[in-house]
Amino acid sequence: MSANSPPGKSDGGDPQDNRSLPSVPPNAMENLGARIRDLDVDSIRRYLAQKLGFYDQIESSTSSEKVLDEVSLEGIVNWIKSERCKNIITLAGAGISTSAGIPDFRSPETGLYHNLQKYDLPEPQAIFEINFFRQNPKPFFMLAKELYPGSFKPTPSHYFIRLLHEKGLLLRHYTQNIDTLERCAGIPEEKLVEAHGTFYTSHCLDCRKEYPLEFVKEHIFTDQIPICTVCPGIVKPDIVFFGESLPERFQRCLQEDFQHCDMLIIMGSSLEVQPFASLIDMVPDWCPRLLINREKAGVRSPLLRLWGVMGGGLQLDDDSVRDVARLGDCDDGAQDLADRLGWGDELRALVASEHERLDREGRVPAAFPSRSGCTPVSTTLTEHKL
Ligand SMILES: [Zn+2]
């Protein structure tokens, strides 16, 4: 078995085994930067050497072992049902929350951004820029108030991910969303990486004192800026703003997880936001990848793929040996996949019973909630360009 061979059923769970990709350096951003820098010399040399037939071993080291019996949704289903697939990573973007009714604050229809114009924002995303926030936090808290009191329920896409967990197949769920609907759907905290942070906790920008959700909510709903009780610093929810680092947990988990991934499912993400978008290239070379999205995403040019730039992105053409796209509505895709896996009725029943429970319990508890509660807040907005 080569270093990039897929795992057998028996060799999972040990981070020290030898089936991993080359280890990921502690800082993923540094890693990506280094890979881009290396492209200049090494990748071009390798590409040319391969094309000129200088090195036989290049072919074998860059080719992927094919584990799918067919490169199609059915092939993916067969792989997931097989004994060899047991560590699925899901990556999700705003598309999994769309049907929950969470507004995009940049969309003209919601009028949210329009309402913020009185604050003279230089541009919509300034509301999530840390330097702007330090000078003028008011627009952010006004937006948070607008988006707080919704009645958002997790979507079938969220519950599909929970089903993967209940089937013992979910290694980790990485989300770009800050709407907390994964928690609400019952995906356990240890299975969850909120790559762009969360509203559940807040910190003082100056002394880093931690504050619970209730503290911030109380201020937001009385139109006050939450100020630290021990220093004059502003208290900011722990969502990641432009100009801030991604959560430590994100860095830590991705080092551990991706080398063990044997199936990657990307849901409702345009894969345009870094570094999240590059995660698709951190799985082993043979690892099947399924995109469930309205349109193709994450596809990089064939030339860059040959050069090995960040793994080359998804390959969604006839030559693909492991990448499959299920285009269309995200919830339809999740239900379709569940149906094919034989879990269709289970997913429908889970959605129905959980929605009924949430309706019964009320969506916005008066004493705004515990960590296990369900807190509808905001939408996906932070972006981190390389
Ligand atoms: Zn403070």
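**Entry 1. The three-stranded sheet**

I looked up the open sheet of three strands and read its order as E5-E4-E6, with antiparallel pairing. Strands here are DSSP runs of E of at least two residues, helices are runs of H or I of at least four, and both are numbered from the N terminus. Two strands count as paired if DSSP finds at least two bridges between them. Strand E5 (210–212) and strand E6 (235–239) stand at the edges with a single partner strand each, so one side of each has no neighbour in the sheet. Neighbouring strands of this sheet are turned by 40 degrees against each other on average, direction ignored. For such angles, axes are lines fitted to C-alpha atoms, for helices over the stretch in contact, and the values run from 0 to 180 degrees between N-to-C directions.

The model is predicted: local features need pLDDT of at least 70 and side-chain atom pairs count only at pLDDT 80 or more, while totals for chains, interfaces and linings use all residues. Residues are numbered from 1 along each chain as its sequence is written.

I then followed strand E4 (residues 197–204), which pairs with E6 in the antiparallel sense over four bridges. The bridge partner of His203 in E6 is Lys236. Helix H9 (residues 213–220) lies across E4, E5 and E6 and runs at about 70 degrees to E5.

**Entry 2. The annotated cysteines**

I noted that the unreviewed UniProt entry carries a "binding site" annotation covering Cys204, Cys207, Cys228 and Cys231. These residues are spread over 28 residues of sequence, yet they cluster in space, with a largest C-alpha distance of 8.4 Å. UniProt positions are in the numbering used here, feature names are shortened, and annotations may be inferred rather than shown by experiment.

Is Cys204 buried or exposed? Cys204 lies in strand E4, and it counts as buried because it has 20 C-beta neighbours inside 10 Å. The cut-offs are 20 or more other C-beta atoms within 10 Å for buried, 12 or fewer for exposed, and partly exposed in between, with C-beta atoms placed from the backbone. Beyond four places in sequence, Cys204 is in contact with Lys209, Cys228, Cys231, Gly233 and Val235; contact means C-beta atoms, placed from the backbone, within 7 Å. Cys204 and Gly233 are 29 residues apart in sequence and 5.7 Å apart in space, C-alpha to C-alpha.

Cys207 is placed in the loop between E4 and E5. It counts as exposed because it has 12 C-beta neighbours inside 10 Å. Its contacts beyond four places in sequence are Cys228, Val230, Cys231 and Gly233.

**Entry 3. The six-stranded sheet**

I turned next to the open sheet of six strands, whose order is E3-E2-E1-E7-E8-E9 with parallel pairing. Strand E3 (192–194) and strand E9 (323–327) are its edge strands, each pairing on one side only. The twist averages 15 degrees from one strand to the next. Strand E1 (residues 88–92) and strand E2 (residues 170–175) run parallel and are joined by five bridges. Helix H7 (residues 156–166) packs on this sheet, touching E1, E2 and strand E7 (263–267), and makes about 155 degrees with the direction of E2.

**Entry 4. Confidence**

I checked pLDDT, the predictor's confidence in each residue from 0 to 100. The mean for the protein chain is 78, and 70% of its residues reach 70 or more. Over residues 1–62 the pLDDT stays under 50.

Note on methods: Contact = placed C-beta atoms within 7 Å.
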